[in-house]
Amino acid sequence: ASMCWRKKIQRAIPDDFLKSIREEDPSVEVVVDLSDNFITDLSSSLTTFTNMNLVLVDNDITSPVPEELCDNDHNGWMSGMVGQVRDGGALNACNAILCPPGSYNKDGRLSVTRGCDVCTSCTTFGCTSCIDETLTNGNKVCEILNELFTKTSGRAWYNNDNWLVVGKDICEY
């Protein structure tokens, strides 16, 4: 089963999310793209799925990924990355689902080729870009514009090209 929702979910993932699939066969591979919404929290009801690829990047998630999603029963999550990360001795297999606040990856999660890089401007889980702090340090205009973008859900703007893109001048926003 493969599904995609954009800019439609504006809260926590509901407990009855994908209920019919869970009841039918929770081991079936499920691919769900929930990126670029306004999701704030993950439902623990997702733990019934053992083989899911759940794309959650660029949301407003501030609560940690439930640890149950990163245990031995969920090795198949994220095309097997959860199991690979845990088996590789990483401290937090949940990074294969979403990079934690204070870090980012272009995929919003740890990948085979790249970890979650440090980024103090990322305040939510699943950041895909980082404000270039060498450009913004001491630049109050940049700080104000970046805060405006973040606080007013800039990802949902009709024209949000180049906002928060590393290396882009504010004149290119």
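Predicted model: local features only at pLDDT ≥ 70, side-chain atom pairs only at ≥ 80, totals over all residues.

With the bonded cysteines counted along the chain, the disulfides follow the pattern 1-2, 3-4, 5-6. The number of disulfides comes to three, and I shall take them in turn.

I begin with Cys 70 and Cys 94. Their sulfur atoms lie 1.9 Å apart, and the two residues form a disulfide. This link is right-handed, with 115° about the S-S bond. Where in the chain do Cys 70 and Cys 94 sit? Cys 70 belongs to the loop between strand 3, residues 52-55, and helix 2, residues 81-87. Cys 94 is found in the loop between helix 2 and strand 4, residues 103-104. The pair thus links distant parts of the chain, 24 residues apart. Both of these cysteines are buried.

The next pair is Cys 99 and Cys 116, with an S to S distance of 2.1 Å. Here the link is left-handed, at -85° about the S-S bond. Are the two partners buried or exposed? Cys 99 counts as buried because its relative accessibility is 0%. Cys 116, by contrast, has a relative accessible area of 23% and is partly exposed, since the limit for buried is under 20%.

That brings me to Cys 119 and Cys 130, which form a disulfide with their sulfur atoms 1.9 Å apart. The torsion about the S-S bond is about 95°, so this link is right-handed. Cys 119 and Cys 130 each lie in the loop between strand 5 and helix 3, residues 133-136, and the bond therefore ties together parts that are eleven residues apart in sequence. Cys 119 is buried, with a relative accessible area of 1%. Cys 130 is buried as well, at 8%.

Two further cysteines deserve a word. What is the relative accessible area of Cys 122, and what is that of Cys 127? For Cys 122 the value is 4%, so the residue is buried. For Cys 127 the value is 11%, and this residue too is buried.

To close, I return to the pattern of the disulfides along the chain: 1-2, 3-4, 5-6. Thank you for your attention.

Methods:
Residues numbered from 1 in each chain as written. Heavy atoms only, no water. Disulfide = S-S within 2.5 Å. Helix = DSSP H or I, 4+ residues; strand = E, 2+ residues; numbered from the N terminus. Buried < 20%, exposed > 50% of the residue type's maximum accessible area, 1.4 Å probe, protein only.
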